[in-house]
Amino acid sequence: MTEAQKNVNPSEIEKFSSMASQWWDPEGDFKTLHQINPLRLRLIDNTVSLKGKKVLDVGCGGGILSESMAVKGAQVMGVDLGKELLDVADLHCLDTGVSVNYQHISVEDLAAKQPESFDTVTCMEMLEHVPDPGSIIKACNELVKPGGYVFLSTLNRNPKSYLLSIVGAEYLLGLLPKGTHDYASFIKPSELAAWCREVDLELVDSRGIEYNLLSQSFSMTQDVSVNYICVFKKPLGSN
């Protein structure tokens with residue numbers, strides 16, 4: 001068994017694959033992904049200017065972010081280990097006419113085949129679902145070109161995050177299906193930064209995403225205590 005094959009939680013793949021048919025329903029189980037996607041897309045596009053860029057979306061799921069980046073003019077590859085999710089992503093591209101290259105491959109295996117092939121790498125809401133997040137980050141660094149950017153989003157691990165993202169979002173408000181997240185797998189920003197320092201990725205920006213109960217909408221914030229996105233840059237001359 002390869003290291004990439006070990007870095008998979010089969011129950012997580014099965015869980016999300018079982019909901020694949022609902023991925024593109026903006027009022028369904030993945031409503032939250034649809035709501036936060038414009039925020040993520042704006043941050044990425046404002047940072048790297050997506051048009052003409054070669055982009056990899058790691059853990060792309062059914063393709064919400066992948067497809068939106070392609071609409072912005074990027075040449076996008078999306079990778080995921082959930083075959084059912086990729087089938088849904090491909091079918092949606094057929095409906096919309098948007099071109100995305102979806103591949104059923106681990107990011108570690110892709111890094112061995114195509115090192116330094118992408119201007120930008122995104123990995124959103126995926127690190128908290130794998131046994132070894134550091135391995136994913138290492139592969140993302142290997143895949144991005146020197147001078148390129150890596151965008152990583154996940155959930156902070158603290159009492160506030162538990163109350164809002166699990167008790168609140170999953171059980172009280174129904175923003176996410178119950179059981180979507182395992183609190184023990186949440187990642188503190190300091191832990192994420194440490195994994196990135198190990199591969200010489202440099203932190204250039206960090207943002208939080210918060211939910212306003214009154215307006216029932218999400219917005220970017222400087223508060224990274226719950227959901228957060230970090231932007232890293234691979235230094236020129238790095239390998």
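**Salt bridges**

I began with charged pairs and searched the whole structure, which gave nine salt bridges. I counted a salt bridge when a side-chain nitrogen of Lys or Arg is within 4 Å of a carboxyl oxygen of Asp or Glu. As background, side chains of opposite charge can pair when their charged atoms come close.

A note on what I am reading: this is a predicted model, where local features need pLDDT of at least 70, side-chain atom pairs count only at pLDDT 80 or more, and totals for chains, interfaces and linings use all residues. Residues are numbered from 1 along each chain as its sequence is written, and side-chain values use heavy atoms, with hydrogens and water left out.

I looked at K31 and E27, whose side chains meet in a salt bridge at 3.5 Å, N to O. For exposure I used relative accessible area: buried is under 20%, exposed is over 50%, and partly exposed is in between (1.4 Å probe, protein chains only). K31 is partly exposed at 26%, while E27 is exposed at 59%.

Next came K138 and E142, a salt bridge with its closest N and O atoms 2.5 Å apart. Both residues sit in helix α7 (residues 133-143); they are four residues apart, so about one helical turn separates them. My helices (H or I, at least four residues) and strands (E, at least two) are DSSP runs, numbered from the N terminus. K138 is partly exposed at 45%, and E142 is partly exposed at 29%.

Then I turned to K145, which forms a salt bridge with D119, the closest N and O atoms being 3.3 Å apart. K145 lies in strand β5 (residues 144-155) and D119 in strand β4 (residues 118-124), so this pair ties together parts that are 26 residues apart in sequence. K145 is partly exposed at 32%.

**Cysteines**

How many disulfides does a search of the whole structure find? I got zero, taking a disulfide as a pair of cysteine sulfur atoms within 2.5 Å. I checked C60 to see why: the closest cysteine sulfur, in C93, is 9.7 Å from its own, too far for a bond. For C196, the closest cysteine sulfur is in C230, at 7.5 Å, again too far for a bond. C60 is buried at 6%, and C196 is buried at 0%.

**A hairpin**

I followed strand β6 (residues 202-212) into strand β7 (residues 217-221) and found them paired in the antiparallel sense over five bridges. Two strands pair if DSSP finds at least two bridges between them. I209 stands opposite M220 in β7. β6 and β7 form a hairpin with four residues between them, and Q216 in the turn has a positive phi of about 50 degrees.

**Nonpolar cores**

Last, I looked inside. The largest nonpolar core has 34 residues, and I44, L50, M69 and F151 have the most contacts inside it. Such a core is a set of buried Ala, Val, Leu, Ile, Met, Phe, Trp, Tyr and Cys residues joined through side-chain atoms within 4.5 Å. The elements giving two or more residues to this core are α3 (31-48), α4 (64-71), α5 (83-96), β5 and β8 (227-233). Its largest share, seven residues, comes from α3.

I also noted a second, separate core of 30 residues, which includes V107, A111, A139 and V144.
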